[in-house]
Each structure stands twice: as C-alpha cells, then as structure tokens.
Amino acid sequence: MTRTPRAGDTGPAQLDWHEGQPFSVVFGDVYFSRDAGLDETRHVFLRHNQLAERFAALPSDGAFTIAETGFGTGLNFLCAWQCFETQAPANARLHFVSAEKYPLTPTDLAQALALWPELAPWAAPLLAQYDTLTPGWHRFLLADGRVTLTLLVGDVLDVLPRLDARVDAWFLDGFAPSKNPDMWQQSLFDQMARLSAPGASFATFTSAGMVRRGLAAAGFEVKKAPGHGQKRHISHGWIAQPPAGGWQAPWHQRPRQSWRERSAIVVGGGVAGAATARSLALRGWQVTLIERLPQLAAAASGNPQGVLYTKLSPHMTPLTQLVLSGYAYSLRTLAALLPENGDDWQRCGVLQLAHDGKEANKQAELAALGLAPQVMRRLDARDASDLAGLPLPQGGLFFPQGGWVHPPALVRALADHPNIARRAGRSVLELSHNPSDGSWLACDETGPLAVASVVVLAAAAETAQFDATRHLPLKKIRGQISEVEATPASVALRTVLCGEGYVSPVRRQHHCLGATFKFDDDGLEVRDEEHEENLAMLAELAPAFRQALGEAPRVAGGRAAFRCTSPDYLPLIGPVAARRDFVSAYRELARDASLQPQTACPWMEGLYVNAAHGSRGMITAPLSGEILAALLEGEPAPLPSDLMQAIHPSRFLLRDLIRRKLDPDAP
C-alpha cells in the first residue's frame, strides 16, 4: 500500500560547500566525485547502460525512457541529454523521470552546475525553468519538447509505486547505502522490476552485496564491472522479462494505441484545447484545432486577466496535488511562451486574504504544511498591506510566484505551431468513426471539416453535446467579470487580491474584478446588477482599494461566460468509454464492488475529453495537454497513477454503477 506524501515530508536540500563542492548535510556525503564527476557519470550510468549505442539505434520517431532514483544536482540527467542529442535520430524523444526527496534550491543548483562548463548548453535551459519545487510531480519540456523531464519530489519509496511508465534504463543513484539505508530497500528493487520494459538495463555506482542480492531477487541479471577512479567495482545488468503485475482496474488502463497516422482533431479553442494541440504538435502530430466562435479564446478563456489561483487544502487532497503540479507547470509555460511585459502576463504575486474566521483557520493549517516561503508564506495585515501597496483589513497567504495572465495571449502562443491548423468560426455538429481505418470525421452544417485518427473534445460544457459523451456530468456556471478604469490612487495596487472574488493590478489602465457565480442561468449578456455585485464584493475584500476607485467607479466593460465544472470539481481528462458498453461490461460491480473484473474496458477508439477545469483553468488546463499527450504516446504519466484515476472521465460511470444509479439497459 502506498502513502500519499505530505508537504512536510520534503524540503530543500541542506548543503554545505566544501572547497566549491556540494555536500549533503542530511546524508553526510558528496553529490558527485570531487575529482571526476562527469567521467564517473559517463562511466557508470551511460556506458554501462549502453546509452550511446541504444540512442543511435532508435527509429526516427522512437522514444527512450530513463528513470533515476536521485536527481541531486541533475548531473546524470544533463549527461544523458547531451549523449541523446549527439547520438539519437533528430525526431526521437527522451523521457527522463527522476525522484528527489530534497530538491536543491535554484541558487544551489546553478552553483553546482557551474562546476561543469561543458554542460552549460544543457544546464542553461534547465535552470531557466527551474524554481523552488513543491512536493509532487513536476513536468519540464526541454529542447522544444524533444526532451521531457518529470521530477517526482518525494521519497522514492512513495513515488515509484505511484508511477505509470515503462522504463528502458535505470540510473540507480542516490547517496551510498551506508549513508542512505532507507532508500536501498527490497521494495525499491521490486518497483524497478515492475516499471521496467522487457530488456530494461540498470547501472549503479555501488557493488554492495545487499544491493546486488536485492536486484537479483527482483528478477534482474546482475553483473560487476570495474569502477571509476578509486571505486573498485560497480554493478550493472538487465531484466529480460519483468514480473507480471497484480490486477489493475481495466477502466484505468490505457487504451491500446494503434494509429494509422499521428493526426488529431481538437474541438475547442480555449486554454485546454490549445494546450492539447500544442503538446501533440510538439510530438509531431498534425492537429486541427476547431473553435465555434469567430476567434480562439472567445469564451471563458477570453477574459482580459486570469489569475493563477492556487487555492489549496491542508489535507493534500487530489485537487490540491493537481493544483500544485499544474501551478508550477503553468508558470514554466508562461515563462517560455510569453514576455512578462505587464500586458501578456505579470508575476506580481497573489495574495489570498483571510476574509473571515473560517478562512483564517484554514490558512493557519496551510501555513503549517511547511511549503517553502518562495512558494507560499503567511502575512499579517501590516505586511500584506505593505506588499499590496494599499491598506488591507486583514492578512493572508501570499504566493510570490503567481500573478495574472491575459488568457487570449496564452492561447495564441500555445496554438502558434506549424503542426497546428486553426479553424475558427466553425461548429462541429457531428462526429463519426470509421472502424475500418480507425479515422474520425468531424462535420459542420456544410459538410466535412477534418479527418484524423484521434478526437479530443475540449469544448467545456459543450463537450457533452455528442452521443458518445452525453453521459459526462458536466455543468456550466455563469460568471461575469467587470473592468473598471484605473485612477491615480488605484494604480498603487501591486499584487492580485483574492477572497470571495478577486481584483488584479492595472492592465491597459483598467482593473479586472469578479467574478459572479450564477447557477441555472443560460444568459451571456453583461448585466449592470452583476457589475454592482462585483463592486460590492470589492468593498468587502479591500475597502481602501474600492475607495481608491472613487465614489462612482467607471465601469469600462465586462464579460460573461460559463465555467464548466464536474460534481467533484476535478477536471475530466482522458479516454471516453461508451456508457451502455461500460455498464454492460461491469454490471456485476453493482452487486459486489470488491470484484476484480478482467474484461477490457470498452473504449471509444481514439476519442478523448479535456473539460471541467472550472475557475482554475489557468492552473490545470496547460498541464492537461501533457496528460493527454502522455496517454496517446504511451509516455510516462506527468501525474501519479492515483491522481490520473481521480481525473479520469470514467470515474462517474464507475461510482454510479457501484451505487446502483445506472440502468444497464438505458441508452
């Protein structure tokens, strides 16, 4: 049984610098050889996994996955990337998955990697994306998406059981068994075997008997080889046939993929659709992005300012884990694609005010999680006021990495790729699947729009308008934002303020505030009474700022749109199963939920959804593209398996079936 890590389980690495070399205070050991760290990495991990030869033998569109048990300074990763770049075919892809309980701070990582000027061309892009890391999983796209790094921040014995991947080579690294005995356990070697592809190799700097015996017990063929420098021996080997795993719920297993061509239709031109299109395009897919409105980002993704809103739970719920991973990924995406110019986005920080006693108590619990102050810190009213630039009635939690983004600019940047064809002003009214060649045809009222192997529906609540997806429990909630003209006093606001609503610092001489929540309301007209609601919210949230706008603030405009949510407020990202066939295949679960059926899930071949991001779209939607691309390409998942299950579109069918809410004979 695996344990969901808590925030306090990890923390930044505590280093001493001995003669310019990083030394771990916790483990009492060096991160790499003082004399020849590069040579040792190449000798142990690259040579004895035969990486140069295996990279060169990859097909033109092949992929290779390396997993590592201790990221440390990233030296092994950079050496592997350098080797891959020089040896692999131009269109091949490298996936590198690494666990790290105590990640280095950005400053320490930069100082450590500066010791290896030869690696500067690879270290620089990593450092450009690397920031203080929270517990959880972090996805990095490097080399224009050709190299993917997934950092699993947590104890390796916690994170590997939650990993979904097929590993071709292992870097069994980490501090020596005598220094770090908690890691070198049989459970680690067993997880390595579980995650290995047939013929997967491993290499490690240690030749300790307990390590060699543990690997052999897990099914690896283990060999000794001469070590490097003063180390007499190292260990390496392979596993010919990994052991069969235990029962896996078939509705959570990935659909078998067999594409006639790598082409996709993405329906929906908001952030979720554009992120999906880009992640696939980076992998060589030809994507047609279709939006029913006259331009991309014209619905809920069209607001002038969207907040990177990281509302968390102190209990590390699935939503909180998703938000932490998505938040970091969104920040990396913004930094890579948009200039931080005060028009497209601004890293001004987000201040979540403790607007009542319940919220204050919750924030106290969140502060106790132990997240680094570079990620989140608690402020009293005085410090919050100083930071915001205006007097505030209470303090709150400050997220210095956050800020606001102009969503249309993000959507345009995501969709700007030569492999993406954009078609706005066209409504997909019909989808039909041809089983003979596996293709999908999308049509509007005039006829065919596009043909592709895969369809991804990312059209918010309209995702459920098709026969195959109408069982998805998507609901829409109206929200209206207001734009008010800035005044000489209001421009003093320096950070986003959040509470029951939000207000952003000035952009183009306007502040954006909102948004209302209107259930069971299908209207999209902008209403004066909702402008008044937003101003009333602002008076409660930040009275001094409301006063700074003047007695009668000038409302310059507003927008109304629908948030798309699900019953559990988690998005739906993944493959679609036909309702009738799903219920028919697993109807016995209504009688006994503990059964372990073997029937393969009746997937709709090539049909996927990406919807229900709600008010957190700026946080969860960019990462959703990587989630879908990993599923479609058979890559290591960017989230732990239990979290992938928590966002799976079939979860509601399964719950309703077990609760006997579904009629197997209903259409």
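Hi everyone, and thanks for coming. Some housekeeping before the tour. Because the model is predicted, local features need pLDDT of at least 70 and side-chain atom pairs count only at pLDDT 80 or more, while totals for chains, interfaces and linings use all residues. Residues are numbered from 1 along each chain as its sequence is written, and side-chain values use heavy atoms, with hydrogens and water left out.

Let's start with the domains. The assignment, which is an automatic or database one, gives domain 1 as 7–239, domain 2 as 250–298 + 409–473 + 574–586 + 605–633, and domain 3 as 350–400 + 475–565. How far apart are the centres of domain 1 and domain 2? Taken over C-alpha atoms, 34 Å separate them. Seven residues from domain 1 and five residues from domain 2 take part in the contact, where contact means heavy atoms within 4.5 Å.

Now to the sheets. When I name helices and strands, I mean DSSP runs numbered from the N terminus: helices are H or I with at least four residues, and strands are E with at least two. Two strands pair if DSSP finds at least two bridges between them. Strands of a sheet pair through backbone hydrogen bonds, either parallel or antiparallel.

β22, residues 439–444, pairs with β23 over five bridges in the antiparallel sense, and Ala442 stands opposite Ala450 in β23.

For a parallel case, look at β12 and β13, which pair over five bridges. There, Ala264 stands opposite Val287 in β13. Of the six residues in β13 (286–291), five are buried. Buried means under 20% relative accessible area, exposed means over 50%, and partly exposed is in between, with a 1.4 Å probe and protein chains only.

Next, salt bridges, each a side-chain nitrogen of Lys or Arg within 4 Å of a carboxyl oxygen of Asp or Glu. How many does the structure hold? There are 25 salt bridges. One of them joins the side chains of Asp155 and Lys101, at 3.5 Å from N to O. Asp155 sits in the loop between β7 (147–153) and α6 (156–159), and Lys101 in the loop between β5 (93–100) and α4 (106–113), so this pair ties together parts that are 54 residues apart in sequence. Asp155 is partly exposed at 22%, and Lys101 is partly exposed at 28%.

Another one is Glu633 with Arg262, whose closest N and O atoms are 3.0 Å apart. Glu633 is in helix α17 (617–633) and Arg262 is in the loop between β11 (233–239) and β12 (263–267), which puts the partners 371 residues apart. Glu633 is partly exposed at 27% relative accessibility, as is Arg262 at 25%.

Arg527 and Glu530 also form a salt bridge, with closest N and O atoms 3.1 Å apart. Are these two buried or exposed? Arg527 and Glu530 are both buried. There is a network of salt bridges too, linking Arg93, Arg139, Arg283, Glu626 and Glu635.

Let me finish with some single residues. Tyr130 lies in the loop between α5 (120–129) and β6 (136–142), and is buried at 6% relative accessible area. Leaving out residues up to four places away in sequence, the contacts of Tyr130 include Pro103, Leu104, Phe140 and Leu151. The Tyr130 side chain reaches the backbone oxygen of Leu104 at 2.6 Å.

Then the backbone. Gly514 and Ala515 are joined by a cis peptide bond, with omega about -5°. Met316 is not a glycine, yet has a positive phi of about 50°; Met316 is buried at 10% relative accessible area. Ala612 has a positive phi as well, near 70°, and is buried at 3%. Ala612 lies in the loop between β31 (603–611) and α17.

That's the tour, thank you!

Definitions and conventions: Polar contact = N/O pair within 3.5 Å; in protein donor to acceptor, adjacent residues only side chain to side chain.
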